[in-house]
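Here are some exercises to work through with the model open in your viewer. Try each task before you read its solution.

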Amino acid sequence: MRPRRSVLYMPGANTRALEKARGLSADSLILDLEDAVAPDAKAEARDNVVAALTSGEYGNRELTIRVNGLDTDWHADDLAAAAAAGPAAVVVPKVNSPADVAAIEAGLQAGGAPEHTKIWAMVETPQAMLDCANIAAASERLTVLVMGTNDLAKELHAAHVPGRQPLLTGLGLCLLGARAAGKVILDGVYNDVRDPEGFEAECRQGAQMGFDGKTLIHPGQLDAANAVFAPADAEVESSREIIAAFEAAQREGKGVVTVNGRMIENLHVENARRVLAMADAIATSAGE
């Protein structure tokens, strides 16, 4: 298990930003060749990102590269460069079908990408929402789904409002698809970097819905995302109590277990073990 509470986009054309990212508290970085890069800077950004990725100066942060979309002139060169550089993953925008996943996987294999380079598929169109379960299950190499909520809102002609009511159907469909396939899923970005209260509220909503973490557009959003998507101390302690009580009951041959007056079943124990595994992963990551 690897924490992905905070996944920060970094513009590939901005070498100062890439250098600054070496000291940020992000669990994962997306070195971006797509939206953050002007058309005439794509080639230079590609070189910058490959140099950053292969520098060995980012510690234990998970490094990924967002390439340009399959229907762009830059996609093939981006994918070939990423395959050669060997990031933790290649992030691909506007993945709309299992066929898109197959094309990305074939491109990575043709480019000699190492086995550890996975696919993160961005789902951000109505078609992707409706086919998300099949997209998520299309390849073992695809390990993460990334919500593209800005593009989804545009495609739906929907407003950005607190609570994200217009987007909840799509978010829910993608959560179902991800969990059915056993994949990680990351919530979309929050656009107003001057609204920390709104950002934290959206993080809490995403965590309550079941997202594993949130994609970010500014370093100022890191602390809140890291806090919200980490198990709270009380949750960790409760999980330890549940596991200890369950194991003690098993040793004694008891069929019913209660903790603080609440009946405990296998599903509660599984959730408790997941909470402890995530807490341990965060602690290990912080100590590396």
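**Exercise 1. Salt bridges across the chain**

Task: Find how many salt bridges the structure holds, then work out which parts of the chain R66 and D35 tie together.

Solution. Keep in mind that this is a predicted model.

Step 1. Start with the count: there are 18 salt bridges in the structure.

Step 2. Pick out R66 and D35, whose side chains meet in a salt bridge at 3.9 Å, N to O. The cut-off is within 4 Å, so this pair qualifies.

Step 3. R66 belongs to strand β3 (residues 62-66), while D35 sits in the loop between β2 (28-32) and α2 (42-53), so the bridge ties together parts that are 31 residues apart in sequence.

Step 4. Check how much of each residue shows. R66 has 6% relative accessibility and counts as buried, whereas D35 is exposed at 56%. The cut-offs here are under 20% for buried and over 50% for exposed.

Step 5. Look around the pair. R66 and D35 are part of a salt-bridge network together with D32 and E34.

**Exercise 2. Two partners for D187**

Task: Work out which residues form salt bridges with the side chain of D187, and decide whether D187 is buried or exposed.

Solution. 

Step 1. Begin with R164: its side chain and that of D187 meet in a salt bridge at 2.8 Å, N to O. D187 lies in strand β7 (residues 184-187) and R164 in the loop between α7 (149-156) and α8, so this bridge joins parts 23 residues apart in sequence.

Step 2. Now go to K214, which also forms a salt bridge with D187, at 3.3 Å, N to O. This pair links strand β7 to strand β8 (residues 213-216), and the two residues are 27 apart.

Step 3. Read off the burial. D187 is buried, with a relative accessible area of 0%. K214 is buried too, with 0%, and R164 counts as buried with 5%.

Step 4. Besides the 2.8 Å polar contact with the side chain of D187, the side chain of R164 makes a polar contact with the side chain of Q205, at 2.8 Å.

Step 5. K214 and F229 are 15 residues apart in sequence, and their C-alpha atoms are 8.3 Å apart.

**Exercise 3. A glutamine and its backbone contact**

Task: Find which backbone oxygen the side chain of Q221 reaches.

Solution. 

Step 1. Go to the loop between β8 and α10 (222-228), where Q221 is found.

Step 2. Trace the side chain of Q221 to the backbone oxygen of Y190, at 3.2 Å.

**Exercise 4. Rings and a charge**

Task: Say how many aromatic pairs a search of the whole structure finds, and which residue lies over the face of W74.

Solution. 

Step 1. The whole-structure search turns up one aromatic pair.

Step 2. For W74, look above the ring: K42 lies over its face, 4.8 Å from the ring centre.

**Exercise 5. Positive phi away from glycine**

Task: Locate H157 and N260, which have a positive phi although neither is a glycine, and decide whether each is buried or exposed.

Solution. 

Step 1. Recall the background: most residues other than glycine have a negative phi.

Step 2. Take H157, with a phi of about 60 degrees. H157 is in the loop between α7 and α8, and at 75% relative accessibility it counts as exposed.

Step 3. Take N260, with a phi of about 55 degrees. N260 is in the loop between β9 (257-259) and β10 (262-264), and it is exposed, with a relative accessible area of 73%.

Conventions:
Residues numbered from 1 in each chain as written. Predicted model: local features only at pLDDT ≥ 70, side-chain atom pairs only at ≥ 80, totals over all residues. Heavy atoms only, no water. Helix = DSSP H or I, 4+ residues; strand = E, 2+ residues; numbered from the N terminus. Buried < 20%, exposed > 50% of the residue type's maximum accessible area, 1.4 Å probe, protein only. Phe/Tyr/Trp six-rings, centres within 6.5 Å; stacked < 30°, edge-to-face > 60°. Lys NZ or Arg CZ within 6 Å of the ring centre and 35° of its normal. Polar contact = N/O pair within 3.5 Å; in protein donor to acceptor, adjacent residues only side chain to side chain.
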